Amino acid sequence: MTIQWFPGHMAKARREVTEQLKLVDIVFELIDARLPLSSRNPMIDEVIHQKPRLLILNKMDLADETETARWIRHFEEQGVRAVAINSFEGKGLQTVTKAAKEILAPKLERMRKRGIRPGAIRAMIVGIPNVGKSTLINRLARKNIAKTGDKPGVTKAQQWIKFGKELELLDTPGILWPKFEDQEVGYKLALTGAIKDTIVNMEDLAVFGLRFLEAHYPNRLAERYGLTTIDDDILSIFNHIGELRKVYATGGEIDYDKVAELIVRDIRNEQLGKLTFDFVSE
């Protein structure tokens with residue numbers, strides 16, 4: 001299965017981000033804490049160049065805490081400030097404004113020395129679809145300003161949103177890139193919901209998820225499904241899970257489509273615990 005998703009509005013969004021960049025002080029790059037590498041759009045580096053940046057690892061509540069800490073250290077060793085948050089529950093939000101002020105401290109001090117009183121920090125928020133940009137905005141604003149949804153591609157246009165006197169944020173649509181050089185990246189993005197389910201093969205996605213668990217979280221695989229290995233006989237694996245979870249079609253046969261959906265849903269909904277799909281060590 002080859003996974004690609006680059007709707008026309010995303011190409012337009014990239015052009016708009018480039019045009020609006022000169023209006024902001026800093027870029028908030030929002031990524032999925034479960035996919036600290038795979039959820040980073042390589043096009044963003046090309047677009048923002050040397051603009052100050054804060055890397056925000058969202059959905060930390062869904063990710064392996066040990067791996068999240070390792071990724072934050074890794075990014076900061078590369079000279080990129082990073083913080084972890086849970087925008088859905090509003091945890092860690094205070095670190096965003098604090099870190100932005102620290103990153104921009106030299107610029108703000110130069111302004112003060114010139115007799116200019118700094119106004120609100122103007123930030124642009126960028127990231128791939130379904131990473132939680134709108135949820136973060138609504139949490140910061142303490143009301144529903146940005147449209148949210150559990151499907152990727154909800155935000156279709158840019159909008160400026162003010163947060164008191166300290167911060168003004170430019171929301172942008174999620175942007176994927178035209179071609180995944182590594183198809184494993186596409187699988188990871190699809191498995192965590194960044195790509196619409198309607199354009200992926202759910203059985204292939206479920207098999208990828210099972211093999212990933214076998215390699216990195218074998219204990220979770222054993223606890224949830226009673227499996228220790230995922231051999232090449234995928235049909236028998238699906239039969240086992242289908243019987244275990246009583247997923248039957250009319251006539252009493254195993255419903256393989258629903259088994260695949262069940263596996264993917266279990267992975268997304270923490271039924272196999274907190275998972276990270278990218279590892280610093282790799």
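**View 1. K246, an exposed residue with a relative accessible area of 63%.** In this predicted model, K246 sits in the loop that runs between α10 (234-244) and α11 (256-268). The phi of K246 is positive, about 55°, although K246 is not a glycine. For most residues other than glycine, phi is negative.

**View 2. K59, a buried residue in the loop between β2 and α3 (65-77).** K59 is not a glycine either, yet has a positive phi of about 65°. The relative accessible area of K59 is 16%, and buried means under 20%. K59 therefore counts as buried, whereas K246 is exposed.

**View 3. Helix α4 (residues 94-103) and its buried residues.** Buried in α4 are V96, T97, A99 and A100. Seen down the helix axis, the buried residues of α4 fall within an arc of 165°, so they line one face of the helix. In an α-helix, with 3.6 residues a turn, residues three or four places apart point the same way.

**View 4. Strands that cover the buried residues of α4.** The cover includes β1 (26-32) and β2 (53-58). Also included are β3 (81-84), β4 (121-126) and β6 (167-171).

**View 5. The whole protein, with 11 helices and six strands.** Of its 282 residues, 50% count as buried. The accessible surface of the protein is about 14200 Å², and carbon and sulfur atoms account for 47% of that surface. Among contacts between residues at least 6 apart in sequence, 68% join residues at least 24 apart.

Note on methods
Residues numbered from 1 in each chain as written. Predicted model: local features only at pLDDT ≥ 70, side-chain atom pairs only at ≥ 80, totals over all residues. Heavy atoms only, no water. Helix = DSSP H or I, 4+ residues; strand = E, 2+ residues; numbered from the N terminus. Buried < 20%, exposed > 50% of the residue type's maximum accessible area, 1.4 Å probe, protein only. Contact = heavy atoms within 4.5 Å. Areas by Shrake-Rupley, 256 points an atom, 1.4 Å probe, with all protein chains shown as cover. Arc of directions from axis to C-beta.
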